[in-house]
Amino acid sequence: MTKTVGGIIIGWNHGAERQYGYTAEEIIGHSISILCPPDQYQEYLRMMERVRNREVVPPFDTVRRKKDGSLINVSVDITPIEARDGEVVGATKTSRDISRIKKLEAQFIEAQKMEVIGHLASGVAHDFNNILAVILGYSELLGFALAAESPLHKYAEEIRRASERAVGLTRQLLVFSRKETVRPVVLDLNEVMKDLEKMLRRLVDENIEITIVPGEQLGHIQADPGHIGQVVMNLVVNARDAMPDGGKIDIATRNVALDEAYACTHRGVMPGSYVMLCISDSGSGMTDDVKAHLFEAFFTTKPKGKGTGLGLVTCQAVVQQSGGHIAVCSEMGKGTTFQIYFPRVEQALDIGLAAMPTGALPRGTETLLVVEDEPGLRHLAAGVLEAQGYTVLRAPNGQEGLHVARQHQGSPICLVVTDVIMPRMGGRVMAEWLKAAYPQIKILFTSGYTDDSIARHGVLEQGVAFLPKPYTATALVRKVREVLDDKMEEATA
């Protein structure tokens, strides 16, 4: 491209035509400022001043506007053209489209940011989840001990609810940073939505109508039902917040097939059979700029203190971890639709997905070993299990756990409840030593985040008994009984 010292274009080649969309006939004779977005115009004037001062402008990165109005990132260098008498009469300008490079740089920065957050989350989660488990456990026990009509019972319930909100925030950090342990099962999405329906209706105000339309003969998917529930609740809460004056949320499921054409226009999508979960609202909708940043960590349009910016990035992480894909369609004033695609699987439904049993907590007389480096949680877990009739041994780490097991002379230890991450010796190494010495012993791992010793890429290994932290006293007691009963069934099989 060639221009006069006043910025009038007098030369235009085929490369410039491909890059900007203008033909030579359309642009020659016009000011080069036609290619400058308004916020770049002052930069253009400064560059022209340098040209008039006979400066060769070295390559610099900027933004230019194409004929269709779209913006591209370019690398530009400018060289003055001097007449024989030394007067500057024009300049040659070379620009190279670097939009793809800038996009890759942005993706790399985002990946680095997620990695940093992942390290932060995993480092904090272990200690934080231990603390939350203690708060949850004792607030639950306090609630059991107090009469329902007691004012103190209400205080204990408020402590528990605040703790559960903190648990949710920690879990969002772990999910989006891929540090949350995933327990995928083959499930029916219609059944998941049926279980969630009552909770979803409690999340919204009375002026918002929720309609759930289950698809017929819906295929099976493989995912963590708890994570699916979190995705649905996050999207419903966002829809609610987009409709302060009321509106409608439609939730539907159905079988779909994504073809090659769709896969080519959606990065990371493979053609094939999917089960789609569609969540639509009649809310305010989103601008194109908001949609462009929708799945960035900590991006939020909500007022300060009303949103963490982790909800949608958590949804995306959950869906991708299940091999799926999430798409969004939204226009200002016309609402928003999220379409979530999970790969369809042919396996039969997994059994044992029933809701947590209610009623009296199960009891037992077996001897257990609780290995936990957090003193408060160790005392809580042991105390809760002792109250249910078990004989409980205690140890602060894997090394001490081995010592306690070897020195024990009473009835055989049936089950070891152990944290995974501990100083001196972790739970998995200790468990391997114990299983070698006592083949009948059962191991129940607990942890606040994924560790490669029990999970690969965040997915729990087959046959591993696991209780995620922070757990409640009720969850601990029921899980211990479940694992012990499984052992008894195996022994009599």
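In this predicted model, the protein chain exposes about 25800 Å², and carbon and sulfur atoms supply 54% of that surface. Looking inward, buried residues account for 45% of the 493 residues in the chain. The fold is built from 14 helices and 19 strands.

Two helix pairs are worth a look. Helix H6 (residues 189-203) packs with helix H7 (residues 225-241) at an angle of about 40°, and their axes sit 10 Å apart. H6 and H7 are therefore oblique to each other, and their crossing is right-handed. On the H6 side, the contact is made by Leu189, Val192, Met193, Leu196, Met199, Leu200 and Leu203, while H7 brings in Ile228, Gly229, Val232, Met233, Val236, Val237 and Arg240. Sorted by class, that makes twelve nonpolar residues, one polar and one charged in the contact of H6 with H7.

The other pair is helix H12 (residues 398-407) and helix H13 (residues 427-437), which pack at an angle of about 20° with their axes 9 Å apart. That angle makes H12 roughly parallel to H13, and here too the crossing is right-handed. From H12, Gly398, Gly401, Leu402, Ala405 and Arg406 meet Met430, Trp433 and Leu434 of H13. The class tally for the contact of H12 with H13 is five nonpolar, two polar and one charged residues.

How values were computed
Residues numbered from 1 in each chain as written. Predicted model: local features only at pLDDT ≥ 70, side-chain atom pairs only at ≥ 80, totals over all residues. Heavy atoms only, no water. Axes fitted to C-alpha atoms, helices over the stretch in contact; angles between N-to-C directions. Helix = DSSP H or I, 4+ residues; strand = E, 2+ residues; numbered from the N terminus. Parallel < 35°, antiparallel > 145°, perpendicular 65-115°, else oblique. Left-handed = near helix turned anticlockwise from the far one by under 90°. Contact = heavy atoms within 4.5 Å. Nonpolar A, V, L, I, M, F, W, Y, C, P; charged D, E, K, R; others polar. Buried < 20%, exposed > 50% of the residue type's maximum accessible area, 1.4 Å probe, protein only. Areas by Shrake-Rupley, 256 points an atom, 1.4 Å probe, with all protein chains shown as cover.
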